[in-house]
Amino acid sequence: MQLHIKIDAKFYTKNPESSDLGMRIVSASIEMINELGFESYTFKKLGVKIGSNESSIYRYFKSKHALLVYLINWYWSWVEYKLIIATLNVPSATERLMSSIELLTQEVKEDNSFSFINEVLLSKIIISESSKAYHTKDIDLENEKGYYKTYKQVVKRVSDIVIEVNPTFKYPKMLISTVIEGAHQQRYFSKHLPSLTDVEEGKNNIVAFYTDMVFKTID
């Protein structure tokens, strides 16, 4: 059964899930951004790849920045969905926190529940390119419009569990956002700058490190 993640209409001009072309735009964009990098990716190059006019792409997204924001929102909505499933009907806050940390820090596997998104490639984009969406002069305006609401929802969901485990802990959001961003950095280092990390082939060192760090920090 194919599942659907609903993305707010403010993140696109025309819903890409409404047509085959729209879904091909998203799928091919993920492939190209992962391959070329966000700076080198253009709608013109995308049009050549999918055999469509550049103007047709602009009917779905007003800019490549808008498309990147769409991808970020899709990814964090998917992560939140996974968090809900992983913690559903688990009475122990400690166990829910452990499951949440694992989900946030483990290497992403492809989810066949969603047909047109390659979550593995998208996670690589989130790790290497997502900061380019919010390290801009328009960040405050975009934040007011709710552009990064889904990411903040994920942080809040897990930080609320931290408070369940230790109601006196003062910095739950700082802790969880640090875990997410730090795990992304360690994942990136392990692929490109391995001397900066302790990741070992076949071991979940990143998951183990951040699980250990969180519980020692909130103890």
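**View 1. Twelve salt bridges are counted in this predicted model, a salt bridge being a side-chain nitrogen of Lys or Arg within 4 Å of a carboxyl oxygen of Asp or Glu.** Local features need pLDDT of at least 70 and side-chain atom pairs pLDDT 80 or more, while totals for chains, interfaces and linings use all residues. Residues are numbered from 1 along each chain as its sequence is written, and side-chain values use heavy atoms, without hydrogens or water.

**View 2. Here E164 and R96 form a salt bridge at 2.9 Å, N to O.** E164 sits in helix 9 and R96 in helix 5, so the pair links parts 68 residues apart in sequence (helices are DSSP runs of H or I, at least four residues, numbered from the N terminus). R96 is buried at 12% relative accessible area, whereas E164 is partly exposed at 46% (buried is under 20%, exposed over 50%, partly exposed in between, with a 1.4 Å probe and protein chains only).

**View 3. Take a look at K216 and D212, whose side chains meet in a salt bridge (3.2 Å, N to O).** The two are four residues apart in helix 11 (residues 205-218), so about one helical turn separates them. K216 is exposed, with 61% relative accessible area, and D212 is partly exposed at 38%.

**View 4. E129 and K132 make a salt bridge at 2.5 Å, N to O.** E129 is buried, at 7% relative accessible area, while K132 is partly exposed at 28%.
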